[in-house]
Amino acid sequence: MAQMNMIEAIRSAMDVMMDRDPNVVVLGEDVGYFGGVFRCTDGLQRKYGEHRVIDAPIAEGGIIGAAIGMGVNGLRPIAEIQFADYIYPGFDQVVSELARLRYRTCGEFFSPVTIRTPCGGGIRGGQTHSQSPEGIFTHVSGIKTVMPSNPYDAKGLLIASIESDDPVIFFEPKRIYNGPFDGDPDKPAVSWNAHPKGDVPEGHYTVALGEAEIVRAGSEITIVTYGTLVHVAKAAAEATGVDAEIVDLRSLSPVDLPAMTASVKKTGRCLIAHEATRFGGFGAELAAIIQKECFYHLEAPIGRVAGWDTPYPHAFEWQYFPGKKRLAAGIRKVMEATA
Amino acid sequence: MAKKSRLHIPRPTARPGDEPDFSYLDLSPAGAVDKPSVGARVRDIENLSSGLVRVLDDEHRAQGPWNPDLDPEKLQVALRWMVLNRVFDERMWQIQRQGRISFYIQALGEEAVSIAAGMALRHGDMCFPSYRNQGLFMYRGVKLVDMMCQCLSNTRDMCKGRQLPIMYHSKKGNVFSISGNLATQYPHAVGWAMASAIKGEDHIAAAWLGDGSTAEADFHHALTFAAVYQAPVILNVVNNQWAISTFQGTAGGERRSFAGRGLGVGIPGIRVDGNDLLAVYAVTVWAADRARRGGGPTLIELVTYRGGAHSTSDDPSKYRPKDEWKAFPLGDPIERLKQHLIVEGRWSEAKHEKLVADLKAEVQAAWKEAQAFGTMTEGPFLDPATMFDDVYADPPERLEFQRQRMLDIEQNGGGL
């Protein structure tokens, strides 16, 4: 075991896979010589060479399009999109090509691309460095969508994503790259050292795609969340004194339906939380699934806490970001509701 | 007097009712363009992007440095493939008009594009076609009956009813899946070629798109990546003058050739007579040699003319002169190769008539065979349960649930 932050864990996942499989290659903006703007690929080019860790032109559509072609020719590309906010120029390549290639050729052609991309707010990044576009991708058949909340899961999920023959969009909540974040920006930064999930094996292991984790057991309410808000939810539950069970989805598509529904059937109350905007968001799908599967167990309407339906505002980050106060208010509202 | 607008709206030289006018096309006589060595520097061969490489002259003789000196037997085979492409298209068009398939796209007048490339490339080279490259699929061994079954979405359909007619693919033939979203295959070809170089293999990739699609971002992404990494890839722009109703000027072809698009990023551009099989073959071999030797990508503009409607859903009489093709100065690729073989004493009208008749019979036999696997109205039909397959290698449970739900409703009528 080693102590790793999320950046180191993600780098370790790529290192392990590049070492095991010569077909694994990395391409993206600034990923090579420099090692990535968030340092996730630091040292990989020195170790594996310029043919396997490739600095790409600033053209996200080109990066994803070229990665698809590489995958068709037997490589297992990891494409880094520097910020999730920059992924849109490659959207057609993801939706029309990457996601559908297996389907439209009945399995004759496929391309096992993993797209890694830092997402989410809390870093004063304004509207072009803070978005959480995962719901746009969970809506697309043919790709998998993943978002870890800690170093251990990040490494295991990334290795599982790279090994998957299905394309995966791997969202990395950049606010928690260096340490867990409970939603309070005024507190000093915390590192992953003291966190049990900062203990990461150095070798190969996987965290299966599609398996959620109960990160806090509780009996009064289920909070279904993922990414940075897993940590915010814990802090909010403690602040309210409500005995909340927190389900960290880890994979959004496929989603762990039994884990969610078992928990909600037990607690009878549910709050869904994500950073992404609310209307038409992934939380709406979760709410629909939970109400269908758990309707007769529910004692209150399902609550949702999400980013407001505005672009991500630079100066009002802490009014926008679903922090501890917003989640606490959400928890109390669901707890207070009676038939 | 009205003030002259500073906004330029490109207009074709002729619309319905006008005399066809191809005065905008820059033409060079056969044999007039030099053939550089495959190792030539881009800056030394910029002329290739504005000239027009032609081998067959107006008397149907092969001329000049680009003459590939192909055996007449090979040319007869080439002619056979082009005629097959056309005869197949004619029959499928008719079949669509009879309402027996939903959609079709023909390659009328552009047959040399696919067949010449098919001959010039090696089987291990990967092709990323556009929707008018059916000739490549034929040349690379996809059976006519399989192409017809794809168009019928029947029980032998390679796409299991998931794709619009003509969206073929062939893993065995090394021809990629056709996408309805234009130009997306261009960066795929570059990525495939990069992978070939990364793996140290000597296969190259080739991609095709139309003049209209050069406006797509993917075209520019592909050119940039191909140039940056000197990917072993041939990027073909089939300039057939028309993108549905907009002429090539609407895609930006008024002031500079499409081949010239390569120069800005350091890729040699070659403008070639796309209706001259010998010329297309020769430039493709040149570009393939260059790529295989590590010389990087080449952009080839194939100047041709879309002889028919864009697709069965299109009516070109609404936007271009009816007889425009007849006036096209580069003629018809099949007629030109046929006349060449005739003047060389290696072909005759009688032989040609027999070839057309034989191929029509072959196509008709394939059609008969294809229908036995099901038509749109008569079985056997594809099992709709298969529509849930192949979405993922490792599918989520919800797909199996939805499959059962669909089957239940189909079988039990949803309680109605």
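**A note on the two-chain model**

1. To start with chain B: B:Leu359, B:Val363 and B:Ala370 are the buried residues in H10(B). Please keep in mind that this is a predicted model. The cover over the buried residues of H10(B) includes helix H1 (72-97) and helix H4 (144-152) of chain B.

2. The length of H10(B) is worth a quick check. Helix H10 (residues 349-371) of chain B has 23 residues and should therefore span 33 Å at 1.5 Å a residue, and this agrees with its end C-alpha atoms being 33 Å apart.

3. Now for the interface. Chain A brings 39 residues into contact with 35 residues of chain B. On the chain A side, the elements giving two or more residues are helix H3 (60-72), helix H4 (91-98) and helix H5 (101-104). H3(A) provides the largest share, 9 residues. Sorted by class, the side of chain A that touches chain B holds 16 nonpolar, 16 polar and 7 charged residues.

4. How do H3(A) and helix H6 (residues 217-229) of chain B pack, and at what angle? Their axes lie 9 Å apart, at an angle of about 75°. The two helices, H3(A) and H6(B), are therefore roughly perpendicular to each other.

5. From H3(A) come A:Gly61, A:Gly62, A:Gly65 and A:Ala66, which meet B:Ala217, B:Asp218, B:His221, B:Thr224 and B:Phe225 in H6(B). This contact has 3 nonpolar, 5 polar and 1 charged residues by class.

6. B:Val190 links this region to the core. The largest nonpolar core has 217 residues, and those touching the most other members are B:Ala189, B:Val190, B:Ala206, B:Val233, B:Val280 and B:Val283. Leaving aside residues up to four places away in sequence, B:Val190 touches A:Ala66 and A:Gly69 in chain A, along with B:Ala222, B:Phe225, B:Ala226, B:Ala231 and B:Val233. A:Ala66 and B:Phe225 also take part in the meeting of H3(A) with H6(B).

7. Back in chain A, helix H8 (residues 229-240) has 12 residues and reaches 16 Å from its first C-alpha to its last, close to the 16 Å expected at 1.5 Å a residue. Which residues of H8(A) are buried? They are A:Leu229, A:Val230, A:His231, A:Val232, A:Ala233, A:Lys234, A:Ala236 and A:Ala237.

8. As for what covers the buried residues of H8(A), the list includes strand S9 (213-216), strand S10 (221-225), strand S11 (244-248), strand S13 (270-277) and helix H12 (324-336) of chain A. After H8(A) comes A:Gly241, with a positive phi near 75°.

Definitions and conventions: Residues numbered from 1 in each chain as written. Chains lettered and ligands numbered in written order. Predicted model: local features only at pLDDT ≥ 70, side-chain atom pairs only at ≥ 80, totals over all residues. Contact = placed C-beta atoms within 7 Å. Helix = DSSP H or I, 4+ residues; strand = E, 2+ residues; numbered from the N terminus. Nonpolar A, V, L, I, M, F, W, Y, C, P; charged D, E, K, R; others polar. Expected span 1.5 Å × (residues − 1). Buried ≥ 20, exposed ≤ 12 C-beta atoms within 10 Å, placed from the backbone. Axes fitted to C-alpha atoms, helices over the stretch in contact; angles between N-to-C directions. Parallel < 35°, antiparallel > 145°, perpendicular 65-115°, else oblique. Core = buried A, V, L, I, M, F, W, Y, C linked by C-beta atoms within 7 Å.
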